[in-house]
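Hi there,

Here is the model I promised to pass on to you. Please have a look at it first, and my notes follow below.

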Amino acid sequence: MTDLVDRQKLSYIAAQAADARLNVELETEGMTLNIGPQHPATHGTLRIIVRLDGEQVVWADPGAGYMHRGYEKLTEVRTFPQVTTLINRIDWLGSFANEVPFILAAEQLMDIEAPPRAQWIRTILFELSRIANVSLFLGDLGVQLGAITPVFMAFRDREYVLNLIEGATGGRFHPNFDRIGGLKDDLPKGWIDETRQVMKKLRNFCDEIENLLFGNKIFQDRTRGIGVIPPAVALQYGMSGANLRASGIDWDLRRDQRIALAYDKVDFKVWTHPDGDSFARCWIRLQETREATKIVDQLLDGIPSGPVMAKVPRIIKVPAGEAWVSTENPLGEMGYYVVSQGELGPFRVKIRTASFNNISIVPWVLRGVYVPDIITILASLYFILGDIDK
Amino acid sequence: MGFLKDRYNEYGKGMAVTLNTLVQTVKPKKLGGGAATVQYPHEKEAPPLRARGVIALREDNCTSCMLCARSCPDWCIYIEGHKELAPPRRAGGAPRKVNKLDRFDIDYALCMYCGICVDVCPFDALFWSPEYEYSETRIADLLHDKTKLGEWMETVPEAPELEAGAEKKKK
Amino acid sequence: MAPLSDAPDAPALASDTLRESIVDTLRSRLGDAIVDVKLVPGVDLWVRVRTDAWRDAGLALRDMGFHYFCFLSAIDWMPSPYGRGEDDPTAPPPERKTEIVQGYTGGETRFQVFARLTDLERHVGITIKADVADVVDAADGDHVIDSWVTNYAGANWHERECHEMFGIRFAGHPDLRNMYLPTDFEGHPLRKDFPLLARHVKPWPGIVDVEPLPDEGDDAAAGEGASDD
Amino acid sequence: MIAVDLPYWAQSLLRVLGGTVAVLLPAGAIVYLFLFKMMSFMQSRLGPMEAGPYGSMQLFAEVGKWLQKEDIQPENADKKIFKIAPLIVLVSTFLLVAVVPFGPDAYFTDFEAGIFYALAVSSVSVLGILIAGWSSANKYSLLGGLRAAGQLIAYELPMVLAVIGVVIQAGSMNLNQIVVQQNAGSMFGWDGLGNPYLLTQFVGFVVFMIAVQAELTQAPFDMPIAESELVSGYMTEYSGFRFLIFFIAEFATVGVFTLIASVLFLGGWGIPFSWFGWGSLDDVDNWMNIVGPLIMLTKMFALSALVMWVRFSYPRLREDQLQRFAWKVLIPVSVINIMVTAVLKVVF
């Protein structure tokens, strides 16, 4: 351990020296501010230690792990069907979307494909969970910036989406509806019409948020030009989802990979923004919510008829092999690297979550910003603690 | 006027949204207004038929085969049973050996409401009920036994009809 | 970055020219440092490189257009001595296989690191693996492999996670503090021989079986559909 | 004119009671009407509904709850100062209300330099906030307190400058005189509406209301509290009844500031004198001492509804943007307003 300790000491001494130099230059004493683990802006238990000079950040060090639940270890003692109910809880706001890549990876290993109807319904529910997730982001964004009303509007309209998810799957937050080879059940009667109605409400919600928040001059002043992430850096850190597209990189796994979901049957636009700042990230999410309602509408029109479950043995043993499947989840790219050794349960599951990579850029992006901008940047990067800590 | 219009877009539109919502909320229910919230103990929302509220047990169907207890990811189902002889179905037949259920407990403090036990049950003994009002003040009180689980059988709804294009269930 | 839908729709290929060309380029860059390649046409590509070429492999791939860093992690190939924790504590522990079987592209050691990179231009991803020498670094008791931080800045957190979970030290990493666990935590949770306490503090409820009739032996075990591995 | 002559002690008692009512009644009403109800309606919900009819007793329940709570002081806090800080903030509100006229004779004191005094004592609350932030021994409180000090001082200035326009036009610093000037005045010879300075001093009104919004630390200027950044700013460490005092002070100050704004720009307790044929203050009938406060309250509610409406709709500015806005926009605008007012005063 000596090596490590020495290095820690050295880095500590270096930090102290840097501080001292700064203090001598400016004749001020820095302040270390401990944001979190219990802080209203970290929606969860993220801890960020920031060194301040006045209200300006000298360095920032995020510390995760206050909600580490060890899912990668837990999957190793569970069977494949049991894992689905567990991974629901990683990104708890878009939980259905968590199940899909894992199920697809297992299906890839077993060399089966879900019937078309199941794929369509999966895609619909996938987009619904995106809407449920991102609409809460749009509301929460207001709270982070001091506007209290948007979050209530978000909760109001997200409720409709959650009711839809509950109506189809039985679970509001944790559907556990995906099965290897298809879905647990078909949609209940009347669900499609109801979904169409709700999509209209959600588009209205997007307009309201746009007027209330995005059009507001104060909001724009707070977010434009703040926390700019250039595309090269975004790629290096493996940022994904809206964060990547906000840096001007046109990459969306819904469109850009072959996957057993119905995305190739619909027509949708992948929004990008050249700026890479906080405003761009938020704006892209708003546009994506709108786009998602349109995707759902298109999918509802063309659900094929047929079974929702392929022929799958009752006791699922996945053949030995390795598979990586990732999808464009509400937070970004989420994927599972599943290693099976022909047992009832997986041998190892590496869970690649979007927030983990998206937040790893925080020390880089927070350098030199002001305390209020920390909150703007964190809000616009949009993380879910369960998604960071797994 | 361009100046004023810009200012309206920047500052006024948001206030128009909140005012609009206020009017919508104050408007009587008859005119399509009203709040989005429900005054819970006085009025209650009906959960969808499929809602996974609580697991109900039809004790007669249970053969204490342990399948649910073994497939539970959380290990929250506890079953004990014994075999006993039951009178034969037809007169003159040999007495049947049946499994008699002694204990069927679900610890709802551990339960993740995944529904795997309901799915795997081969004898239709477990059902989902949308019932949700069973909170307790002590966490240990959430361990419910088969009598309580049996009472919830009354609240189990019929499975909903399926959307057009769905394949008929084979069962 | 042309959308995928614009590309000519390739059916399931018997041969995958794109991925084969990637392997060829990589081979020309790294030479015999590539130990094994597994290619599933139209699906995915796995490449295993020698331990000492791990950092160079990342650099080579970055130069080849794999700009997007997806993740880096490790795997412990030793079978778990505890199974799924469903043993009867009163009975003697069952026999389990102890032989190490590696997955795609093989391997010689218990630990492997693997990383996933994506080329956004060509819409292709690659999983790259390397063995982690079983020789333990005497100084800190860790297994050692080169760090990727200089290749991809995003590898920083992934390597920290890997270090605490598997006890693999990444030489050249600036700051291998624990990320999730307390600083004084002992052991490496994702190693297979690290027991999952939640599965040990109470016996599996599935062990209990239906009591047989008093006059009957144990032969009539109940559990119609009961199945366990 | 009131005919009864009361002894001094009775007058003092009446004044104290009246002052308490004048502070607490608007505060309570604002909290219930706007914070509980208007905000809830703007957010598609009903707000408190259980305590009393339509939740009208909620405020008493809340006060009861706060009074029961433990009065916690952080270990490293400067305890004496920490305890006294909320009181200073509240005292500033009581001092303010002393000069507000509610009717021709319904006032607590009749200062000649009333508005001058009001603007002076309104900054006493800064001291309370600053020492609350400083003595809490909490970094968030400290940042909040410093932000509050910077902000309140920056917005004091445009507020004073906006008032100068009114003072020039009215030719008096006495608040009752300002009321009379507005109600007895005329616009271009037509006196049907009197001459509310809302119309002639519209720029001043806008600047004044923005400055009030900032003085009250309501969104979009709520960065001293900034619950998503600084947890709760200078109030972070306060609990129990000391937090209650901060809370009351916040909304009582909303009430008092909007009272002052209604005096300065909306004609205060008065209705246009020409409706009743009154010429000056002496002509005003006695019943105005009863009706006046009601008129005043109505105007106050209209203005505080505006304050609250903005609060519920807007996100928060950043500290440097706020300062820039004060120094680069509000102050130049109000200075220009003073010049224009002065020129017009001389011309007409």
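**Notes on the structure**

D:S44 counts as buried, with 20 C-beta neighbours inside 10 Å. Here a residue is buried if 20 or more other C-beta atoms lie within 10 Å of its own, exposed if 12 or fewer, and partly exposed in between, with C-beta atoms placed from the backbone.

Before I go on, some housekeeping: this is a predicted model, in which local features need pLDDT of at least 70 and side-chain atom pairs count only at pLDDT 80 or more, while totals for chains, interfaces and linings use all residues. Residues are numbered from 1 along each chain as its sequence is written, and chains are lettered from A and ligands numbered from 1 in the order in which they are written.

Back to D:S44: this residue sits in the loop between helix 1 (8-42) and helix 2 (58-68) of chain D. Helices (H or I, at least four residues) and strands (E, at least two) are DSSP runs, numbered from the N terminus. D:S44 is not a glycine, yet has a positive phi of about 60°. Most residues other than glycine have a negative phi.

B:D124 is another non-glycine residue with a positive phi, of about 55°. Its loop runs between helix 3 (116-120) and strand 4 (126-129) of chain B. Is B:D124 buried or exposed? B:D124 is exposed, with 11 other C-beta atoms within 10 Å.

Now to the interfaces. Between chains D and B, 12 residues of chain D are in contact with 11 residues of chain B; contact means that the C-beta atoms of two residues, placed from the backbone, lie within 7 Å. On the chain D side, helix 1 and helix 11 (288-313) are the elements that give two or more residues. That side has eight nonpolar, three polar and one charged residue. For these classes, Ala, Val, Leu, Ile, Met, Phe, Trp, Tyr, Cys and Pro are nonpolar, Asp, Glu, Lys and Arg charged, and the others, Gly among them, polar.

The contact between chains C and A takes 40 residues from chain C and 39 residues from chain A. On the chain C side, strand 3 (68-76) and helix 3 (155-166) each give two or more residues, and strand 3 gives the most, with six residues.

Finally, chain A is assigned domain 1 (2-63) and domain 2 (71-382), with bounds from an automatic or database domain assignment. Their C-alpha centres lie 33 Å apart.

Best wishes
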